[in-house]
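Please look at the model on the screen while I talk.

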Amino acid sequence: MSENNIICHDNLVYDKTRVMTDKVLHYCPGCGHGTAHRILAEAIDELGIQGETIGVAPVGCSVLAYYYFDVDMQEAAHGRAPAVATGIRRVMPEKYVFTYQGDGDLAAIGTAETIHACNRGENILIVFINNGIYGMTGGQMAPTTLPGMKSSTSPRGRDTSTMGNPLKMTELVAQLPGTYFVTRQAVHAPANVRKAKRAIKKALDYQKLNKGTCFVEIVSNCPSGWKMTPTQSNKWMEENMFPFYPLGDIKVPEK
Amino acid sequence: MARKGDIVINIERCKGCEVCLSACPHEVLALSKEVNSKGYHYVVKVNSECTGCANCAIVCPDAVITVYREKATSGQ
């Protein structure tokens, strides 16, 4: 069979999902946000809930998320996405509601909203992208920055004696009775992307059970903020981020 | 013999991040010398070893790659 014959509709195994718009993503080359957007959109597509899904966009690099998802989207004030999602889900309990937030949004200014939404057990999905840095504003230190990690506001590395310790939000919310499914994933390699997509799909599907908040952390890279090439940043993430933020399910529903 | 596949690359969306290069098990992909309208060296197919595993498309942050794979019953 010649190669020309392979490219036909019957042989299609992978194409950009229709839940993502054709707009070119504004993210830096190699940024995990793009992959995270795509798997979330694919999960919505595969569950067939495009018309019933409402997303809440954060402030940060992913502030323009509403341009890329072809679902109903709402922008929230900085850190307040879980509060906005709470309102949306309570008024429209038949809808699937997700928030998409970075670590500066969810773990810094939005800590209160995140913890209280999880503690109340709101039936929403929180997708948390953790790259350990404030990417959009120029690579400043975030609550999730690793000890010793350099950023523009910790040029000699994060000194935990004066700058505090990194915040493990995912472990924190897993202890709350309101959370139903809490997991940490990554999107830098094919196997991880597949696992992360399965986790998101499961979390979206759990919403119809009304059992509580689902929380999916995606450990991601920030090539621009970390001052590395995308490939280097993925390697650095494997060597430094994963030992501190270990991947895997933290809280799974009881059978 | 492994099933054959092929990919279509949307060069205008590509940002040349090279994440797909390390994901490909058969070294099918490489960066071009030319740049696209945004000035990025885009990814190109350099051999015909593609098996349509879709690893490149799955890790691509910008949804650049469309993957095709021949049916198991056809060919060979």
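A:Val216 touches A:Leu125, A:Val127, A:Phe128, A:Thr183, A:Gln185, A:Ala199, A:Ile200 and A:Ala203, leaving out residues up to four places away in sequence. Touching, or contact, is when the C-beta atoms of two residues, placed from the backbone, lie within 7 Å.

This is a predicted model, in which local features need pLDDT of at least 70, side-chain atom pairs count only at pLDDT 80 or more, and totals for chains, interfaces and linings use all residues. Residues are numbered from 1 along each chain as its sequence is written, while chains are lettered from A and ligands numbered from 1 in the order in which they are written.

A:Val216 also belongs to the largest nonpolar core, which has 90 residues. A:Val216 is among those with the most contacts inside that core, as are A:Val127, A:Ile200, A:Ile218, B:Cys20 and B:Cys56. A nonpolar core is a set of buried Ala, Val, Leu, Ile, Met, Phe, Trp, Tyr and Cys residues joined through C-beta atoms within 7 Å. Buried is when 20 or more other C-beta atoms, placed from the backbone, lie within 10 Å of a residue's own; exposed is 12 or fewer, and partly exposed is in between. In soluble globular proteins, nonpolar side chains tend to be buried together.

Now chain B. Chain B has two helices and four strands, in the pattern β-α-β-β-α-β along the sequence. Helices (H or I, at least four residues) and strands (E, at least two) are DSSP runs, numbered from the N terminus. The C-alpha atoms of chain B fill a box of roughly 40 × 20 × 20 Å along the principal axes. Of the 76 residues in chain B, 47% are buried.

Which strands make up the open sheet of three? The order is E1(A)-E4(B)-E1(B), and the pairing is antiparallel. E1 (12–14) of chain A and E1 (5–9) of chain B stand at the edges, each with a single partner strand, so one side of each has no neighbour in the sheet. Two strands pair if DSSP finds at least two bridges between them.

Five bridges join E1(B) to E4 (residues 65–69) of chain B, and B:Ile9 stands opposite B:Ile65 there. E1(A) and E4(B) pair over two bridges, with B:Val67 as the bridge partner of A:Tyr14.

The other pair in chain B is E2 (residues 29–35) and E3 (residues 41–45), antiparallel over four bridges. B:Val35 stands opposite B:His41. E2(B) and E3(B) form a hairpin with five residues between them, and B:Gly39 in the turn has a positive phi of about 90°.

How many residues does each chain give to the contact? Chain B gives 31 residues and chain A gives 28 residues. On chain B, E1, H1 (19–23), H2 (55–59) and E4 each supply at least two residues of the side that touches chain A.

A:Asn210, with phi of about 55°, is in the loop between H8 (190–206) and E9 (213–219) of chain A. B:Ala54, with phi near 70°, is in the loop between E3 and H2 of chain B. Are they buried or exposed? A:Asn210 is exposed, with 11 other C-beta atoms within 10 Å, whereas B:Ala54 is buried, with 21.
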